[in-house]
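Dear colleague,

Please find the structure we spoke about placed just below, followed by my notes on it.

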Amino acid sequence: MATADAVQALQERFPDLGIEPRPLMRYLNGKPSDQLWVRVPADRLLEVLTFLRDDERTKFEALADLGGIDYLNYPDAEDRFAVIYNLLSHTHGHRLWVKVFVNDPDPEIPSATSVWKGAEWPEREVFDMFGIRFPGHPDLRRILMPQNFVDYPLRKDYPLHGKGEREAFEVLTRDSA
Amino acid sequence: MELNRSTNETGGEFAATRLDYVVDMVKKHGINWARRNSLWPMPFATACCGIELMATGASRYDVARFGSEAMRFTPRQCDLLICAGRVVMKMLPVLQKIYIQMTEPKWVISMGACASTGGVFDTYAVVQGIDQFVPVDVYVPGCPPRPETLIEGIMAVQRIVAEDGVKTSKERGRGLGLVVQPPRQPVQLGTGFEQ
């Protein structure tokens, strides 16, 4: 069973969402990839993800990955942020990418931890790097940066060299230590 | 009985000879002669420089020839901090705490480009040189430095110790500013199977 069948099942279950599959990328010869992504609104996300996990034709048991994107200054981008869910079905051997778009201020997406336990740490990473909040997450703390860090370093408007955090330390001299 | 006495005599002569030698050397060179040949490194290995540090400690390069083979993973037992690798802003407080916990007198080697300057990792999270926040005695260049270069760095620390090692680090000021040069001649290494 190919990814297209899973998308068809999704379209039949959610006709009001207007889901249209798009190829994840194009090869250099112009041929589209057979890997597909679909766009889902944030308020219906949990419904869609639960269906994709449980339905016999989709059966995406695993959340392979979850990541964020900042589309600031990106040509033709309508929204600021996206969160991508990379779903994998061991039963059927197919994958599907689900994209959710959110905007400033206070970007929020319902947490997928109730659907896949494994979403907990990737969502913490997206929160740490992009500042997207996940209501319903059991423990939404920073995972990589120090807890007293205030910015979100993978946002495109954050400078590459930081805002001086890497120089803000106490200086140890031979007299003081 | 006779056997025991002769053993004692031999052992006594041996001990007296060695003790005379040590006393001679200490009279001649001071206590620093003993101290510089017994540096106990604290391996603060955070990246690929740590692999070269391990190679330096292993049999091929054998830092035991320079008296620094006793690496301890508690700062209380060390007097030479070898910072091998990049230090990020989450790791720097750990490095500072380790430096504070080391016993006096103590020395610091900044090993490799990343520990000394941040190297290629010029990003928001990587500290651009640990010498901004920790007093460094010897910088060892390289990316990563070869074990020969690190050994030369340890010998540079030995030269510092020979000059003013008995003073505490407070008394001797901010290092001697020595920089280690890499070996001029490329070192020819065999495969180990030559006849």
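Helices (H or I, at least four residues) and strands (E, at least two) are taken here as DSSP runs and are numbered from the N terminus. Please keep in mind that this is a predicted model, in which local features need pLDDT of at least 70 and side-chain atom pairs count only at pLDDT 80 or more, while totals for chains, interfaces and linings use all residues. Residues are numbered from 1 along each chain as its sequence is written, and chains are lettered from A and ligands numbered from 1 in the order in which they are written.

Chain B

On that basis, chain B has six helices and five strands, and along the sequence these elements follow the pattern α-α-β-α-β-α-β-α-β-α-β. I call a residue buried if 20 or more other C-beta atoms lie within 10 Å of its own, exposed if 12 or fewer do, and partly exposed in between, with C-beta atoms placed from the backbone. Of the 195 residues in chain B, 32% are buried. Two residues are in contact if their C-beta atoms, placed from the backbone, lie within 7 Å, and among the contacts in chain B between residues at least 6 apart in sequence, 80% join residues at least 24 apart.

In helix H3 (residues 49–57) of chain B, the buried residues include B:Cys49, B:Glu52, B:Leu53 and B:Thr56. These cover an arc (that of the directions from the helix axis to the C-beta atoms) of only 105 degrees, which puts them on the same side of H3(B).

A nonpolar core is a set of buried Ala, Val, Leu, Ile, Met, Phe, Trp, Tyr and Cys residues joined through C-beta atoms within 7 Å. The largest such core has 39 residues, and B:Leu81, B:Ile82, B:Cys83 and B:Met111 are those with the most contacts inside it. Among the elements of chain B that each supply at least two residues of this core are strand E1 (41–45), strand E2 (80–84), helix H4 (92–101) and helix H6 (147–164), and the largest share, six residues, comes from H6(B). Leaving aside neighbours within four places in sequence, B:Cys83 is in contact with residues including B:Phe44, B:Leu95, B:Val108, B:Met111 and B:Ile130. Apart from this core lies another, of 31 residues, among them A:Leu10, A:Val48, A:Phe60 and A:Phe130.

Chain A

A:Leu10 lies in helix H1 (residues 3–13) of chain A and is buried, with 23 other C-beta atoms within 10 Å. Not counting residues up to four places away in sequence, A:Leu10 touches A:Ile19, A:Val38, A:Leu52 and A:Thr58. In H1(A), A:Thr3, A:Ala6, A:Val7 and A:Leu10 are buried, and they cover an arc of only 100 degrees around the axis, which puts them on the same side of H1(A). The face of H1(A) turned away from that buried side carries the exposed residues A:Ala4 and A:Glu12, whereas the cover over the buried residues of H1(A) includes strand E2 (36–39), helix H2 (45–54) and E5 of chain A.

Two strands pair if DSSP finds at least two bridges between them. Chain A has an open sheet of five strands in the order E1-E2-E5-E4-E3, with mixed pairing. Strand E1 (22–23) and strand E3 (62–70) of chain A stand at the edges, each with a single partner strand, so one side of each is left without a neighbour in the sheet. E1(A) and E2(A) pair in the antiparallel sense over two bridges, with A:Pro23 opposite A:Leu36 in E2(A). E2(A) and E5(A) pair in the parallel sense over three bridges, and A:Arg39 has A:Lys99 in E5(A) as its bridge partner. Strand E4 (residues 81–89) and strand E5 (residues 94–102) of chain A pair in the antiparallel sense over nine bridges, where A:Ser89 stands opposite A:His94 in E5(A).

Between the chains

The contact takes 20 residues from chain B and 14 residues from chain A. On the side of chain B that touches chain A, eleven residues are nonpolar, five polar and four charged, where Ala, Val, Leu, Ile, Met, Phe, Trp, Tyr, Cys and Pro count as nonpolar, Asp, Glu, Lys and Arg as charged, and the others, Gly among them, as polar.

With best regards
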